Amino acid sequence: MKTRAVFLGLVLFSVAAAQQGHPAPNGAIYGTVITSEGEPAKSLNLAAMPVGVPLDTALPHTKTNDRGEYRFENLPWWGKYNVFADDEEAGYSSYSTGPADKTQPAEVEVTPERCKVEFNLSLPPKAGFIRIHLTNRKTGKAIRAMIIAVGPMERPDARLFTDPLVFTMSCYSDRVILVPPDENLLLHVRSDGFREWDESVGKGKPINVPSGNLLTLKVQLDPTE
């Protein structure tokens with residue numbers, strides 16, 4: 001229902017804009033993506049996030065070709081966009097290397113007067129990868145779901161679920177997690193029906209994962225009962 005309401009709002013906005021003499025949003029952003037090694041980023045998934053627009057629907061996505069070229073067509077909003085890699089298998093996500101990270105990504109603006117804009121993107125280093133093998137300490141059985149929180153080491157007292165610099169996720173325990181690379185971080189691991197991992201209770205488990213590397217952790221949790 002919410003998604004339908006958002007699309008209805010976009011339609012009404014477009015109609016109102018046309019009635020006021022402004023064309024309905026239909027901008028395009030295109031360009032080339034280069035990796036941190038200076039090579040074309042091939043077959044990479046990209047997202048375009050509008051700046052300052054409340055969202056309740058999927059972001060526009062596209063994919064680079066073998067020359068690292070991409071193109072977003074018929075963008076649904078006028079204004080500024082963050083274009084970033086959104087491809088976890090390749091080592092990029094909105095948190096680890098995108099606009100949800102603490103860095104400020106470059107912006108590109110699409111307007112009725114400048115509706116087709118070239119924007120060439122240089123990628124940051126790939127994320128670090130974490131794989132957690134989660135088990136019940138009492139029975140030895142695998143725990144299917146987990147809740148993790150990752151934050152900067154310089155903010156050990158940050159509130160895990162309300163601080164914008166702390167990334168939290170509920171997911172299956174076999175999922176590989178992407179984190180900002182080459183940074184001193186604090187990791188928390190817990191699961192419903194279990195106590196938090198004893199190594200992360202309090203300030204958190206210190207980790208630092210180099211770009212493109214995989215850190216594997218064996219985590220045992222104690223049942224609450």
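Asn74 is exposed, at 58% relative accessibility; exposed here is over 50% relative accessible area, buried is under 20%, and partly exposed is in between, with a 1.4 Å probe and protein chains only. Asn74 has a positive phi of about 50 degrees without being a glycine, and its place is in strand S4, residues 69–75. Strands are DSSP runs of E, at least two residues, numbered from the N terminus.

Quick caveats. This is a predicted model, with residues numbered from 1 along each chain as its sequence is written. Local features need pLDDT of at least 70, side-chain atom pairs count only at pLDDT 80 or more, totals for chains, interfaces and linings use all residues, and side-chain values use heavy atoms, leaving out hydrogens and water.

Another non-glycine with a positive phi is Asp182, at about 55 degrees. Asp182 sits in the loop between S12 and strand S13 (185–190) and is partly exposed at 49%.

Tyr70 is buried at 4%, and Phe72 is buried at 2%.

Last, an open sheet: 3 strands, order S12-S9-S15, mixed pairing, where pairing takes at least two DSSP bridges. S12 (177–179) and S15 (214–221) are the edge strands. S9 (residues 128–136) runs parallel to S15, joined by 8 bridges, and Arg131 has Thr216 as its bridge partner in S15.

Terms used
Helix = DSSP H or I, 4+ residues; strand = E, 2+ residues; numbered from the N terminus.
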